[in-house]
Amino acid sequence: MTLQILPATYDDLSTLSEIHWAAVSPTPVNQACYPSVPESTYKSVIATRIKSYLDSPTRTVIKAVREDGVAVGFASWVLPGDEESLEVKAREERELSLVVTDPRYSRTGAATALVAYYLEKADAEGLPTYLHSSAMARPIYVRAGFVDYEEPAVAEGFKRFAMVRQPVARAAA
């Protein structure tokens with residue numbers, strides 16, 4: 001499947017919240033943290049959060065789109081200087097804050113393409129990239145060159161991995 005990486009827009013809010021619900025709602029972590037949140041409430045909260053990312057000058061949201069225009073995943077990135085991100089506020093770095101793939105399109109390369117898009121930007125700027133990963137998503141980040149920078153945190157009985165990737169210098173053409 002050929003995927004195109006494009007900026008997300010306000011017109012994507014409903015689709016992206018649907019993708020988030022499909023991907024995250026059945027996970028044990030989500031069920032432990034939000035056991036009784038109705039689907040409509042969950043999607044509304046996620047759409048509002050994504051809208052706030054689109055409104056922010058220090059965050060970007062991109063989507064992975066099939067040839068027919070159907071979005072199959074999305075990601076959000078926190079840029080240096082974001083006052084709300086404790087990870088990024090004090091340092092010159094980027095934070096990959098969210099990568100979500102529609103479960104119907106898992107293992108199609110969508111998450112890898114979204115991560116690669118952002119890493120290319122970070123490499124060009126010479127900035128390290130930080131993230132927090134679930135155990136399920138961790139192999140994607142390890143393949144992209146991320147390493148653990150502290151012991152995994154355990155919340156609600158689930159591990160959360162703090163990871164970093166240093167920029168990779170590209171050879172001049």
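This is a predicted model: local features need pLDDT of at least 70, side-chain atom pairs count only at pLDDT 80 or more; totals for chains, interfaces and linings use all residues.

Visitor: Why is the pair of Trp77 and Tyr118 called tilted?

Guide: The ring centres are 4.1 Å apart, and a pair needs centres within 6.5 Å. The planes sit at 40 degrees, neither under 30 for stacked nor over 60 for edge-to-face, so the pair is tilted.

Visitor: Which parts of the chain does that pair link?

Guide: Distant ones: Trp77 belongs to strand E3 (residues 71-78) and Tyr118 to helix H5 (residues 110-125), 41 residues apart. Ring pairs also join Trp77, Tyr117 and Tyr118 into a cluster.

Visitor: What makes Tyr141 and Phe146 an edge-to-face pair?

Guide: Their planes are at 75 degrees, which is over 60, so edge-to-face is the label; the centres lie 5.8 Å apart.

Visitor: How do you know whether Tyr141 is buried or exposed?

Guide: Its relative accessible area is 7%, and buried means under 20%, so Tyr141 is buried. Phe146, at 2%, counts as buried by that cut-off.

Visitor: On to the helices. What is the packing angle of H1 and H3?

Guide: Helix H1 (residues 13-24) and helix H3 (residues 39-55) pack at about 125 degrees, with axes 8 Å apart.

Visitor: What kinds of residues make up the contact of H1 with H3?

Guide: Nine nonpolar, two polar and four charged.

Definitions and conventions: Residues are numbered from 1 along each chain as its sequence is written. Side-chain values use heavy atoms; hydrogens and water are left out. Axes are lines fitted to C-alpha atoms, for helices over the stretch in contact, and angles run from 0 to 180 degrees between N-to-C directions. Helices (H or I, at least four residues) and strands (E, at least two) are DSSP runs, numbered from the N terminus. Ala, Val, Leu, Ile, Met, Phe, Trp, Tyr, Cys and Pro count as nonpolar, Asp, Glu, Lys and Arg as charged, and the others, Gly among them, as polar. Rings of Phe, Tyr and Trp (its six-membered ring) pair if their centres lie within 6.5 Å; planes under 30 degrees apart count as stacked, over 60 as edge-to-face and the rest as tilted. Buried means under 20% relative accessible area, exposed over 50%, partly exposed in between (1.4 Å probe, protein chains only).
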